[in-house]
Amino acid sequence: MLNRRNYFIREHAGVFKLKDTYDILQPETQEQIGYATEATPAWAVWLRLLLKKHMLPVTIAVREQPEAEPLFQIQRGWTFLRSKVHVVDARQQRIGYFKSKLFSLGGGFHVYNVHDEKIAEIKGNWKGWDFTLVSASGQEIGVVTKKWAGLGRELFTTADNYLISLHDTGEPQEASSTLLLAAGLAIDTVFNEKQ
């Protein structure tokens, strides 16, 4: 799954759901290639009834099959002003992290490697839901864009659908795809969720 350049993310709709679940699809064929499921501890999920969700810890596990071991996880701890979100591989080794911008009109966050070097930035706007992944040298290396499933569905559910596309930059494909997929998922599951 991690050697692809395009991913279509489809959120499972639900009115009273406490945990988020996403299908990861091959955009052209709509073939299921993975799953992103919230693996947040039960105590943190129940705390959402009292506190805002974007302040509480959250973990998203990305798998090829529903019961398989995670390929990687997106983990965020307690948040007050700035979120720091870690991406860990299947062996629980950190491969990078995201840090939200303190003041930004367009939204987005910075991407760092395990050596605390800034390697990319997510730029965009929350209103239009279009984001670009820009390398430290200023080159666009990917995009995340909203895909509307139809006006009626979007009005009556909280489900979001969007496309994550990675440009060919000559970088090692699996590492680039992992961080871009994690960044695309983090926009919606970690930084943008307010419920």
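Beyond its neighbours within four places in sequence, Phe98 is in contact (heavy atoms within 4.5 Å) with Ser83, Lys84, Val85, Val87, Phe109, His110, Val111, Leu179, Ala182, Ala183, Ala186 and Phe191. The model is a predicted one, in which local features require pLDDT of at least 70 and side-chain atom pairs count only at pLDDT 80 or more, whereas totals for chains, interfaces and linings use all residues. Residues are numbered from 1 along each chain as its sequence is written, and side-chain values use heavy atoms, with hydrogens and water left out.

The mean pLDDT (the predictor's confidence in each residue, from 0 to 100) of the protein is 79, with 78% of residues at 70 or more. Over residues 150-158 pLDDT stays under 50, and the model has 15 contacts beyond four places in sequence for this segment. Where pLDDT is low, the predicted coordinates should not be read in detail. The protein has 3 helices and 12 strands, assigned as DSSP runs numbered from the N terminus (helices H or I, at least four residues; strands E, at least two). Of its 195 residues, 48% count as buried, where buried means under 20% relative accessible area, exposed over 50% and partly exposed in between (1.4 Å probe, protein chains only). Among contacts with a separation of 6 or more, 36% are between residues 24 or more positions apart.

The aromatic pairs number 2, under a rule that requires ring centres of Phe, Tyr and Trp (its six-membered ring) within 6.5 Å and that classes planes under 30 degrees apart as stacked, over 60 as edge-to-face and the rest as tilted. The rings of Tyr97 and Tyr112 are stacked, because their planes meet at 10°, with the centres 4.8 Å apart. Tyr97 belongs to strand 7 (residues 94-100) and Tyr112 to strand 8 (residues 108-112), so this pair ties together parts 15 residues apart in sequence. Both tyrosines, Tyr97 and Tyr112, are buried. The pair of Phe98 and Phe109 is tilted, at 5.1 Å centre to centre and 50° between the planes. Phe98 in strand 7 and Phe109 in strand 8 are 11 residues apart, and their pair links distant parts of the chain. Phe98 and Phe109 are both buried.

Asn6 is placed in strand 1 (residues 6-11) and counts as partly exposed because its relative accessibility is 28%. Outside four places in sequence, Asn6 is in contact with Pro27, Glu28, Ile164, Ser165 and Leu166.

Positive phi values occur at Gln92, near 65°, and at Asp116, about 65°. Gln92 is in the loop between strand 6 (84-89) and strand 7 and is partly exposed at 45% relative accessibility. Asp116 is in the loop between strand 8 and strand 9 (118-125) and is exposed, with a relative accessible area of 52%.
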